[in-house]
Amino acid sequence: MRSTDSVESQLARDDDPRLPQDLERSIFEIAALEWPAKDACRLFLVAKRVYNWTRPFLFEVFVQYLHGPYFPNFKEYPALKLEDVGKFTRYLLLATKHDNFELDEILSSCPNVVHLDLFGEPLRKHLKAIRPMRLVRLAAILRHMLMAELLTPTFINLTHLDVIDSALDYDDDDKKDVWEDHWEVLAALPRLTHLSVSDCHYALVPHLLLHCKQLQILLVHDRKDEEIERSNIFSVLSDIKDERLVLMIEMSVELLQKELLDGKKEKAMEFWVTAELFAAARKRKFLNDTSQRFIDPDDFDWDEELNDQGKMWYSALSIGPFDRCLCRRL
């Protein structure tokens, strides 16, 4: 596809289908969902009807992280317009620095996003741009967010929340671990079942477990290269027996970016899936080691970790990670 030509002008002749149209449409929609985005773009050239069928699926995931690679790549394919394809986006991975657009321009062009991962600066700066969204899953810096701002239609349906604040996100006079006025709002989110907080908020864990009664999973995540700090956190959390608490090494965003560009949409939920399975296996005593410990979702060997009964349980689960998880697919 030449980047200087319009998408419409490059569509192939719209011949009559050789298969029943419902079957043909299903085949192309599955291809658009399963193929890496750069390969799925070729479906646009098959026929105009295929272009119309597959476009909503192809642009379901936007990857606009730091300086790229991006999908969609609006610079390489200027015929693509943000305002035209943003309406199809359901999952948006976005960071503060972008080569082509202001953040609010991207956010406001994607009103139907239900899963937003926003890195780099506080979410509060972009509340106006995301107001039309009805988020179900969110990863963001929530510093300075007010209770009234979270209890709005944009956030009220949240089931999965990853608070990615770190100690560096706070000024010296910020009270990052004060429950009142800062964190108690989480207990008021009626559908919040999965919550992840960074290591700098570990002191809040008892409050979260006590007050957020609807929680099924509470993750405390830590970076791979912070073993000394992790040992200090562990000394505080190791005695907590609540089965909902899972300690995890955080996943690399750069790795997530690469996996998404390769068409592996399930990677967006992988750490939640791992946490759910780990908590379920520990509760049922299917693990060889049921102690509280930090686990690495990128390097967790289920065959080694599970006892014989656990291996039978695990093998009986559905094949795909989305089928194993209580979380719904994008």
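# A walk through the predicted fold

The protein chain holds 14 helices and nine strands, where helices (H or I, at least four residues) and strands (E, at least two) are DSSP runs numbered from the N terminus. This is a predicted model, in which local features need pLDDT of at least 70 and side-chain atom pairs count only at pLDDT 80 or more, while totals for chains, interfaces and linings use all residues. Residues are numbered from 1 along each chain as its sequence is written, and side-chain values use heavy atoms, with hydrogens and water left out.

Let us start with the chain as a whole. Of its 330 residues, 52% are buried; buried means under 20% relative accessible area, exposed over 50% and partly exposed in between, with a 1.4 Å probe and protein chains only. Among contacts (heavy atoms within 4.5 Å) with a separation of 6 or more, 60% join residues 24 or more positions apart.

Now step inside. In soluble globular proteins, nonpolar side chains tend to be buried together. A nonpolar core here is a set of buried Ala, Val, Leu, Ile, Met, Phe, Trp, Tyr and Cys residues joined through side-chain atoms within 4.5 Å. The largest one has 84 residues, and L116, L123, L138, F155 and L186 touch the most other members. Strand β2 (residues 91-95) gives the largest share of this core, five residues. If you click on L116 and leave aside its neighbours within four places in sequence, you will find contacts with L92, L107, L123, I130, M133, L135, R137, L138 and A139. Another core, of 22 residues, lies apart from the largest one and includes L219, F271, V273 and L306.

Just after α10, G263 takes a positive phi of about 90°.

Next come the aromatic rings. Rings of Phe, Tyr and Trp (its six-membered ring) pair if their centres lie within 6.5 Å; planes under 30 degrees apart count as stacked, over 60 as edge-to-face and the rest as tilted. By this rule there are nine aromatic pairs. In one of them, F278 and F300 have ring centres 5.8 Å apart and planes at 80°, so the pair is edge-to-face. F278 belongs to helix α11 (residues 270-283) and F300 to the loop between β9 (294-295) and α12 (302-305), so the pair ties together parts that are 22 residues apart in sequence. F278 is buried at 0% relative accessibility, and F300 is buried too, with a relative accessible area of 14%. Ring pairs also link F278, F286, F300, W302, W313 and Y314 into a cluster.

Finally, a few backbone details deserve a look. The peptide bond from F71 to P72 is cis, with omega near -5°, and P72 sits in the loop between β1 and α4 (82-85). H144 is not a glycine, although its phi is positive, at about 70°. You will find H144 in the loop between β4 (137-140) and α7 (147-150), where H144 is partly exposed at 40% relative accessibility. K285 is not a glycine either, and has a positive phi of about 60°. K285 is placed in the loop between α11 and β9 and counts as exposed, at 61% relative accessibility.
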